[in-house]
Amino acid sequence: MMNKRVGIRSVWQHNLESEFVLVKDALADYPFVSLETKFPFTLFEVDSPEDQYRIMKDSVNVRNIIQLRLTLSDGDGNLPDLCTDCCYIWEFNFRDFDIYRDFHSADANAIELLKGQGVDFLRNKEKGILSSDFVTMMLKSRMAQDRRSRLTWVTCPGFYDLGYLIKILHWEELPNDVDSFMKLVDRYLGKRVYEFKSSPERLSLGWFRGRKTILATVKEWVHAHSKDTQKSLKLLAWEPPRDGYFKLNVDGCHRRGLIGAGGVIRDSEGKWFAGFAVNLGKGGVLEAELQGLYHGLKLVVQKGISHVLVESDSEIAVKFLQNPHRLASCPYRDLMSDCLELMQEIGCVPTHVYREKNSVADYLANLSYDLEAGSCKTFEFAPHCVDTELLFDRIGAAQPRLVNVY
């Protein structure tokens, strides 16, 4: 299904109810809801949590939402296809924003940018959705204010998107303090609300810490997909092994000539079995990836595991190990030979996965820089820094990637 084209279902006042029927039906099989809004404002990043919330609150309180996109997915990253040859996301167009009444001079550049992206402000005002009707549909479909909801909300970027959604759900201006805002988030959306970034985390009071993050938005995915017909949008999630098997994920890292590696072994329920991080000193990227495989395979032997799947996000390293006849062309022949011996002993062949399916190993690899050069640390229990990554993997949360279509 993921090879299907991604289409946008444009929702206006006249088809709001019929489209929400489709959304409600899809939620049963696609309980991960990604949220993105369009609004006339330029985002700023600040250092203080108080300032970050204040700027968001003040902006949302004096401006109105223009557009909201909902992307539904299942634990495997699949989008609903509604029994067609296309996958869909929903784009809700609101009439709340009046370009003549609500225009702020500071928003001029943002307004022009939105126009360039296809937003028709006059059509929105004439045919757009009333916020009150949208809220009614949200409540009827049990997407909001339902304590038994099994939905997981993913925001990108979280603070403004959530701010606008909470504002229309609560039908009041946002509160002055973060604590009160978080209570509203919990009241309307529940506790399973996450920020969608390279390091997903549960939304909490600490969520407003000012730090630079790279956030992938649905708008960017679809825009890129529409421009390049040779790429297909995929939502990727870590997949547990079948019952009775373990999975080893490994990764290497390279920073200013210094390399390291890390890896994790998990069971069929995604539970931690063992992990490692190793500081390798100076070296190259391929060496780091092969060392990650070597140390991971060695840990599998030490733990006495016989049924294991092995994954790495280094396509080059995996191709070398999948094709032993290429040993002579590998610059790290001895290291590759050691890996091949362990693979033969275990009875496994590594496979390549995209980095979105390898995030825990990536975190552990970067932990190696905290170790002394040449030292390796084994983790019998998961370090706290990967708790959220492990949780996201266990619930099957997916991340987007544009991949080549062959």
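**Buried cysteines and packed helices**

User: What makes Cys-348 count as buried?

Analyst: Cys-348 has 8% relative accessibility, and buried means under 20% relative accessible area, exposed over 50%, partly exposed in between (1.4 Å probe, protein chains only), so Cys-348 counts as buried. This is a predicted model, where local features need pLDDT of at least 70, side-chain atom pairs count only at pLDDT 80 or more, and totals for chains, interfaces and linings use all residues. Residues are numbered from 1 along each chain as its sequence is written, and side-chain values use heavy atoms, leaving out hydrogens and water.

User: Why is Cys-339 called buried?

Analyst: Its relative accessible area is 0%, so Cys-339 is buried too.

User: Why are α1 and α5 called roughly parallel?

Analyst: Helix α1 (residues 16–27) and helix α5 (residues 131–140) pack at about 30°. Angles under 35 degrees count as roughly parallel, over 145 as roughly antiparallel, 65 to 115 as roughly perpendicular and the rest as oblique, so α1 and α5 are roughly parallel to each other.

User: What makes α9 and α10 oblique, then?

Analyst: Helix α9 (residues 285–302) and helix α10 (residues 315–322) pack at about 60°, with their axes 9 Å apart. That angle belongs with the rest in the scheme above, and therefore α9 and α10 are oblique to each other. Leu-286, Glu-289, Leu-290 and Leu-293 of α9 make the contact with Ile-316, Ala-317, Phe-320 and Leu-321 of α10, where contact means heavy atoms within 4.5 Å.

How values were computed
Axes are lines fitted to C-alpha atoms, for helices over the stretch in contact, and angles run from 0 to 180 degrees between N-to-C directions. Helices (H or I, at least four residues) and strands (E, at least two) are DSSP runs, numbered from the N terminus.
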